[in-house]
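My plan is to look a few things up and jot down what turns up.

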Amino acid sequence: MGSISTSSIRAPPTRRTTVTPFSSLLPKPKPHFLSLSTSKSHAFPLSKPLTISPNSHPLIPKSIPTLSSSFPLNLKSRLRNGETLYGLFLLSFSPTLAEIAGHAGYDFVVVDMEHGPGGIHDALPCLHALAAANTAAILRVPESTAAWAKKALDLGPQGLMFPMIDSLQSAQDAVSYCRFPPTGLRGAAHPIVRASKYGLDEGYLGNYLDELLIMCQVESEEGVANAGAIAAVDGVDCVQMGPLDLSASLGYLWDPGHKKVREVLREAENKVLESRNDDVESGAYLAGFATAYDGARDLRSRGYHMVSGAVDVGLFRSAALEDVTRFKMDGDGSESDEGEEKEGDEKYWSE
């Protein structure tokens, strides 16, 4: 074979292929609709959160209600509308029982940090549970101090209850603990606490006093003497009667239904009722506990606008005693008791 010259072999022509970048195949990003509530360009401020207007944002139907419209009126507004509210005291600090109480229909639940075993950290899950059930939460602080009030208020309850308010000055102090300077002593952390929805509620500073129910407890002989002055303090919305501590103050610890205790309690009630004089803008509403010797209907008939009818641990105690007693009275569970037992089971499990 003859030799082939390498110079006679030519390389094939090079084909140039244009590669389209993948990014160019994607649709161009549309401008977002989130905007700062201020036109200035600076870091995201705690007091100025991102806002989306449901009336202007194209992705949000205008028919969706705002957050505030899905919740009932607050306690303060309902009292001014003339309602009588019925509530429960929660001493167990059980979020489950708090949620059940809310779904059961109580108008409010008092999370009791004075006599219950829990503090601020334990109260928060109870407030979460009550919020889920659209039920107003009131926190009763262990003592009437600025420190306790500050921590309780930052959790965002609808109401705050101060125990052992005995004088005009102590009532004025309690109100000052709930107000920001210069009119009060409350610590200012409003851009980051739960009370302002962690800074997302831009109207919080302008509305918090209109929405917060301040309750002062009169539960001593001295407190009864000053009940009228306490009720007249600007900012005191309710005066809560404390019959058990009052009976102890009068020397009847073991007999809270004593005639003398009842007389003194009526004296305090009348002073509080007289503070209003049919004027919704001044004076205080009357609040109290229903007891075995002074029922909820009795309180309502005497002008109480907030009635607490039960305590969670008391309800469970009574139900537990009734359950055990019923079993023991049924004897050995003979066939003659079968129908009654079945009826009891259906009652507890089906309702």
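Leaving aside neighbours within four places in sequence, which residues is Leu 139 in contact with? I found Val 111, Met 113, Ala 123, Leu 127, Ala 152, Leu 155, Pro 157, Gly 159, Leu 160 and Met 161; contact means heavy atoms within 4.5 Å.

Ground rules, before I forget. This is a predicted model, where local features need pLDDT of at least 70 and side-chain atom pairs count only at pLDDT 80 or more, while totals for chains, interfaces and linings use all residues. Residues are numbered from 1 along each chain as its sequence is written, and side-chain values use heavy atoms, with hydrogens and water left out.

Next, the strands (DSSP E runs of at least two residues; helices are H or I runs of at least four, both numbered from the N terminus). I see β3 (residues 136-140) running parallel to β4, joined by three bridges; pairing takes at least two DSSP bridges. Ile 138 sits opposite Gly 159 of β4. On β4's pairing with β5 (residues 213-218), I noted four bridges, again parallel, with Leu 160 opposite Ile 214.

I then checked the two faces of β4 (residues 159-162): Gly 159 and Met 161 on one side, Leu 160 and Phe 162 on the other, all buried (under 20% relative accessible area, 1.4 Å probe, protein chains only).

Notes
Buried < 20%, exposed > 50% of the residue type's maximum accessible area, 1.4 Å probe, protein only.
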